[in-house]
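Here are my notes on this one, as numbered points.

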Amino acid sequence: MINWPVPSPLRRQITHAFAGFLGVFLTALAAAAERSPHACLEMLALRHGNRDLPFRLEDDDDLGPRASSDQLHVRRYAAVSLPNHAGRLTLLFGAPPGATRFAPRLRYQLVGYDSGWRNHERGFMHLVLKFRDENRVPVSRAEFRIRGDSVGWTGTWATSALSSRLEEAVVPPRAASLSIWIDSGGNDENTGVWLVDDLAIREIVPGAAPRLIFSEDFEDGRGLAQPEGDFARWVRDGGALDGAVVHAGPPATGRHALALVESNPTDYAAWRLKDMHVIPVSPGQRLRVEWRETYSVGRGRAGEASYPSLPAGQYQFRVQEVDALGSPAGEELVLPVFITPPFHHNVWFQAAAVTSLLLVGLGVERSIARARMRRQLVELERRQVVQQERARIARDIHDDLGTVLSRISMTSETASLEAEPGSGLHRRLTEICEASRQLTLTMEEIVWAQDPRHDSLDDTASYFSSFASDLLSVAGIACRLDLPVDLPAIPLDAERRHDLFRAFKEALNNVIKHSGATEVRIAMHWRDDAIALCVEDNGRGAVTGTGATPGKGNGLPNMRTRIERAGGRVEFESRPGEGTRVLIVLPVRRRSDPAS
Amino acid sequence: MSQTVRLSILEDDSALRRALSEWIASDPRFRVVSEHANAEDAISSLPSIRPDVVVSDINLPGQSGIDCVRHLKPLMPGTQFMMLTVYDDSERIFQALAAGATGYLVKRASRQELLTAIADIHRGESPMSSGIARKIVQSFQRVEPIVSPTNKLTPRERQVLELLARGFLYKEIAAQLQLSIPTVNCYIRSIYEKLQVHSRSQAVAKLLGV
C-alpha cells in the first residue's frame with residue numbers, strides 16, 4: 001500500500017473507494033477460483049434497475065464429492081441489500097462459461113414474492129400443422145403451443161389427468177397436404193414432458209356435423225410396450241431422437257400414448273406424421289384439431305427471472321435444476337435479497353415531512369383557491385361573451401332577415417292582388433308569399449330558442465301557451481292551459497328549450513293530425529330538478545299503448561330520442577276511446593347550481 | 001263607421017311601408033294620413049296630425065316603437081296604437097302593450113288580416129293571446145305600490161284575464177261567463193288601459209325607489 005504522508009478527508013475518501021473497488025474485484029476472482037468443475041448452475045448476473053450489482057458466493061457444499069445421487073447440492077450466495085426505489089430486479093442464472101454439463105431443466109422462485117416454483121416462461125413445445133402444395137413444397141403452418149404445467153399435471157405420469165385441447169385452423173391457398181409435427185420447440189433449450197393421445201382433425205362444414213378427416217389413438221405400431229417402440233404412422237425427428245417416446249399405461253386413454261420426454265437443452269425431439277400418411281386437404285377448409293394431453297414444460301441450460309419494484313422486505317431467490325418431469329435433481333442456488341425501506345419510511349423523517357407538508361399545503365391551498373377564483377371569473381366572462389354573441393345573432397336574424405322576409409311576403413301578396421285571380425301568375429305569387437310566411441314562422445322558433453333573453457322557464461311557458469292556442473284555434477280544437485303563473489326562475493338553456501319545444505310541437509301536431517280530439521289540455525309542472533310538460537287530448541286514442549293511431553306516422557320516436565338525449569324521458573299513455581296523454585320530463589338546473 | 005278611419009304608418013323599411021300604405025289605401029274604410037320612417041319623426045309630427053290609428057313597427061333604428069308609444073299615448077289618448085312585429089315575441093309585445101298600445105299583429109299577416117285588425121282596434125276590440133294574458137296576470141300579481149283602487153282589476157276583468165291565460169277564446173269566455181262578445185272585448189280593452197296605468201305607476205315606484 002502507498003503511504004500517504006498527510007491524510008486528508010478527500011484522500012481518505014479516495015482510499016475507501018479504491019479499497020471498495022479492490023474488494024469487489026477480489027471477490028469476483030475468488031468466486032471464479034472457487035467454481036466447482038462440474039457446476040451447471042450459478043448466478044450469472046444481478047441487475048437492479050439499469051445497474052449491474054456485485055454478488056458473492058458464500059458457501060458451496062458441492063466443493064466435495066456428492067454424498068448421494070438424490071441429494072441436492074446447494075450453492076449459497078451472500079445476501080445482497082438493495083434500496084427499493086431502484087426499479088426492476090433481474091437475475092440471470094445457468095451454466096457458467098466453460099461448463100461441461102447443462103441443467104436439463106431449471107425452475108426458480110423468489111421466496112416471499114412468488115407463490116411457488118416457476119417454470120421458465122419462454123420455454124414451450126408445440127404441435128405444428130405443416131401445409132404443403134402438390135410438389136410437397138411448404139406453403140404455410142399453424143402452430144399450437146404449450147407452456148408451463150397443464151391443469152392435470154401432478155409431477156408424475158401415473159397420477160396426472162389428461163385435458164382436452166381444441167384448436168382451429170384454415171387451410172391456406174395452394175395447400176394440398178397436411179403433415180403434423182409434435183416437437184419440443186423451435187428453441188433447443190426447451191425441455192420437459194408432453195403426452196398426447198386421441199388426436200383428431202375434423203372439417204367444419206356449415207350447417208352440418210363436422211366431418212372427420214384424420215384420427216389417431218396411438219395404439220397401432222410395433223414394440224409399443226417399450227419407450228423406443230414405433231407407431232405405424234409416425235416417425236421420430238430432431239437431434240434428440242431418444243426424447244420422442246412411446247408411453248404405456250396411465251394417463252393414456254387406451255394402453256399407449258405419444259410422448260416427448262425432453263431433457264436435452266441443446267437439441268430438440270419430435271414426432272411427425274410419416275410422409276405416406278400426410279392428410280390431403282384443399283384450400284379454404286376450416287379444420288378443427290382436437291387432442292388430449294398433459295404436460296410440464298420449461299427450459300434448461302440458463303434462465304432469467306425478472307421482478308418489478310419489490311416492496312421492502314426479506315426475500316430469497318432460489319433456482320433448482322430439475323429433470324424433464326420437473327423433479328429436483330442435482331444443483332440448487334440460493335441468494336438472499338434484502339430490500340431496504342426507503343428513507344421516507346423513517347419515523348423522524350416522516351414527522352418532519354408531515355410538518356413541512358402542512359406548511360406547504362396551507363400555501364398551496366391558498367394559491368389554488370385564488371387560481372380557482374380566477375378560473376371561475378374567466379369562465380363567467382366566457383359564458384357572458386357566448387350569451388352576448390347568441391343575443392347578437394338572434395337580433396340580427398330578427399331584424400335583418402325578418403324584415404326581408406316580411407318584405408317578400410308583403411310585396412308578393414301585393415303583386416298577387418294585381419294579378420288576375422286564378423291565373424298561373426297569381427298562384428305562383430301566392431306560393432311565394434306562403435313560403436316566406438312559413439320561413440318566418442320557422443325562423444321565429446329558432447330565434448326564440450337562441451335568444452338568451454328567453455332563457456327561462458317562465459318565458460318558455462308564455463311562448464308555449466301562445467303557440468299552442470294559436471295552433472289549436474286554427475285547427476278548431478279547444479285549448480286548455482295549466483301553466484303556473486308563478487314559475488320559478490329556472491334557467492332553461494337554448495338547447496333544452498329547443499328540445500322541449502320540438503317535442504311539444506310534435507305532440508301538438510300529433511293531436512291535430514291523428515287524434516280527432518275536440519279539446520287538448522296542456523299542463524306544465526316543475527320540481528327542484530325537473531320540469532314536466534303534459535299534453536292530453538280527448539281524441540280516439542291508440543289501440544296499443546305504444547304508438548299513435550295505428551297505420552299513421554307520428555313524431556313520437558323522434559320526440560323520445562330528442563328528450564332522452566337531453567337526459568329526460570317521454571311517457572305515452574293511450575287507450576282506445578279515452579284519448580292520449582304524452583308526458584315529457586326534462587331535467588333542469590337551478591340557477592344556484594355550479595356551472596357545468 | 002260612418003267616417004273614414006285616419007291612419008299613420010311608422011315603419012323604417014321603405015318597401016314594407018309602401019306595401020302597408022297600398023294595402024290600407026286599397027280599403028275605402030281607411031285613409032293613410034302620414035308615413036314615418038323613424039320614431040323621432042313620428043313623435044314630433046303625430047300630435048298635430050292626430051290620426052285615429054297608428055300602425056307602428058316595434059323594431060326601429062334609434063328610439064323603438066315601444067318608446068314612441070310610451071311618449072305619444074299620454075299626449076293622444078284617443079289614438080289607438082297597433083304594433084307590428086316580425087316575430088310573435090310575447091315579451092316585446094307585452095312591453096308595447098304596457099307602454100300604451102292596444103293591438104298587435106305579426107308582419108307575416110295577410111292583407112285581409114291586417115285590414116280586419118285595424119278595423120277591430122278602431123272599433124274597440126283588442127287581441128290578447130294566452131301568452132300575453134299570462135304576462136298581464138303576472139304583472140298585476142307583483143307587489144302593487146301606490147295604485148289607486150280604480151286601477152285595480154275588477155273581479156270580472158280578472159276572470160276574463162285568467163280564462164284567456166288558460167287558453168279560452170273570446171267566444172268561449174263569453175259562453176262561460178254568460179256575456180256577449182262585445183262585453184268581453186270591453187273588458188279586454190279595459191284591462192289594457194289598466195295595464196298601462198299600472199305599468200306607469202310601477203315605473204314611477206321604481207324611480208322613487210318604493
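1. In which sense do β28 (residues 519–526) and β29 (residues 530–537) of chain A pair, and over how many bridges? They run antiparallel, with 7 bridges. Pairing needs at least two DSSP bridges between the strands, and strands (E, at least two residues) and helices (H or I, at least four) are DSSP runs numbered from the N terminus.

2. Before going on, a caveat: this is a predicted model, where local features need pLDDT of at least 70 and side-chain atom pairs count only at pLDDT 80 or more, while totals for chains, interfaces and linings use all residues. Residues are numbered from 1 along each chain as its sequence is written, and chains are lettered from A and ligands numbered from 1 in the order in which they are written.

3. β28(A) and β29(A) make a hairpin, with 3 residues between them. Across it, Ala523(A) sits opposite Cys534(A).

4. β29(A) also pairs with β31 (residues 580–587) of chain A, antiparallel over 7 bridges. Here Val535(A) has Val582(A) as its bridge partner.

5. Over in chain B, the axes of α4 (residues 90–99) and α6 (residues 130–141) come within 10 Å and cross at roughly 60 degrees. Axes are lines fitted to C-alpha atoms over the stretch in contact, with angles from 0 to 180 degrees between N-to-C directions. So α4(B) and α6(B) are oblique to each other (under 35 degrees is roughly parallel, over 145 roughly antiparallel, 65 to 115 roughly perpendicular, the rest oblique).

6. Contact residues (C-beta atoms, placed from the backbone, within 7 Å) include Phe94(B) and Leu97(B) in α4(B), and Ile132(B) and Lys135(B) in α6(B).

Notes:
Contact = placed C-beta atoms within 7 Å.
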